[in-house]
Amino acid sequence: VQLQAFGGGLVQAGASLRLSCAASGRTFVNYDMGWFRQAPGKEREFVAAINWSGVVLDYADSVKGRFTISRDGDKNTAYLLMYSLKPDDTAVYYCAARIARGSRLPVSRQPSEYIYWGQGTEVTVSS
């Protein structure tokens, strides 16, 4: 599956952004979707994930309550809605796809379990 992430930009602290990840090439419903980010000089870190059915969600503690992950099967697109952005949220954001597991099993926070990756979209939050 090919993934294309977009929606990043330069915003001020407290602003909101919605990132999108458009999937093509294979059946979107067969994959859990995750968002990761990598800040300059830091390792790639987990942000949020959603399972194939949209029932199981997971968030990193640093974004819980501020970010919302969702997916639209009709549009083959996953979203990351980000509210109350902070300078610490500055990073390149990547979407990724992992072969779906059972309908109620936890999603994964491990980048190594995701087999398809988008090219990344840059988010810069100024103070």
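Visitor: Is E113 buried, partly exposed or exposed?

Guide: This is a predicted model, where local features need pLDDT of at least 70, side-chain atom pairs count only at pLDDT 80 or more, and totals for chains, interfaces and linings use all residues. Residues are numbered from 1 along each chain as its sequence is written, and side-chain values use heavy atoms, leaving out hydrogens and water. Buried means under 20% relative accessible area, exposed means over 50%, and partly exposed lies in between (1.4 Å probe, protein chains only). With a relative accessible area of 33%, E113 is therefore partly exposed.

Visitor: How far apart are the closest N and O atoms of R98 and E113?

Guide: These two form a salt bridge, which needs a side-chain nitrogen of Lys or Arg within 4 Å of a carboxyl oxygen of Asp or Glu. The closest N and O atoms of R98 and E113 are apart by 3.0 Å.

Visitor: Where do R98 and E113 lie, and how many residues apart are they?

Guide: A strand is a DSSP run of E with at least two residues, numbered from the N terminus. R98 is in strand 9, while E113 is in the loop between strand 9 and strand 10 (116-117). The pair links distant parts of the chain, and the separation is 15 residues.

Visitor: Which residues join R98 in one network of salt bridges?

Guide: R98 is buried, because its relative accessible area is 5%. Salt bridges that share partners build one network, in which R98 is joined by D32, R101 and E113.

Visitor: How many residues apart in sequence are D32 and R98?

Guide: D32 also forms a salt bridge with R98, the closest N and O atoms being 2.8 Å apart. D32 lies in strand 4 and R98 in strand 9, so the pair ties together parts separated in sequence by 66 residues.

Visitor: Which strand does strand 4 pair with over eight bridges?

Guide: Two strands pair if DSSP finds at least two bridges between them. Strand 4 pairs in the antiparallel sense with strand 5 (residues 45-50) over five bridges. One of its residues, G34, stands opposite A49 in strand 5. The antiparallel pairing over eight bridges joins strand 4 to strand 9 (residues 91-99).

Visitor: How many of the eight residues of strand 4 are buried?

Guide: Strand 4 covers residues 31-38, and it is largely enclosed by the rest of the structure because most of its length is buried. Among its residues is F36, which counts as buried because its relative accessibility is 0%. The number of buried residues in strand 4 is seven.

Visitor: How many aromatic pairs are found in the whole structure?

Guide: Rings of Phe, Tyr and Trp (its six-membered ring) pair if their centres lie within 6.5 Å; planes under 30 degrees apart count as stacked, over 60 as edge-to-face and the rest as tilted. A search of the whole structure gives a total of five.

Visitor: Are the rings of F36 and Y114 stacked, tilted or edge-to-face?

Guide: Their centres are 5.1 Å apart and their planes are at 75 degrees, so the pair is edge-to-face.  F36 is in strand 4 and Y114 in the loop between strand 9 and strand 10, 78 residues apart. Both F36 and Y114 are buried, and the pair is edge-to-face.

Visitor: What is the bridge partner of S20 in strand 8?

Guide: S20 sits in strand 3 (residues 17-24), and S20 is buried because its relative accessible area is 6%. Strand 3 and strand 8 (residues 77-82) pair in the antiparallel sense over six bridges. In strand 8, the bridge partner of S20 is Y79.

Visitor: Which strands stand at the edges of the open sheet?

Guide: Four strands form this sheet in the order 1-3-8-7, with antiparallel pairing. The edge strands each have a single partner strand, so one side of each is left without a neighbour in the sheet. They are strand 1 (2-6) and strand 7 (67-72).
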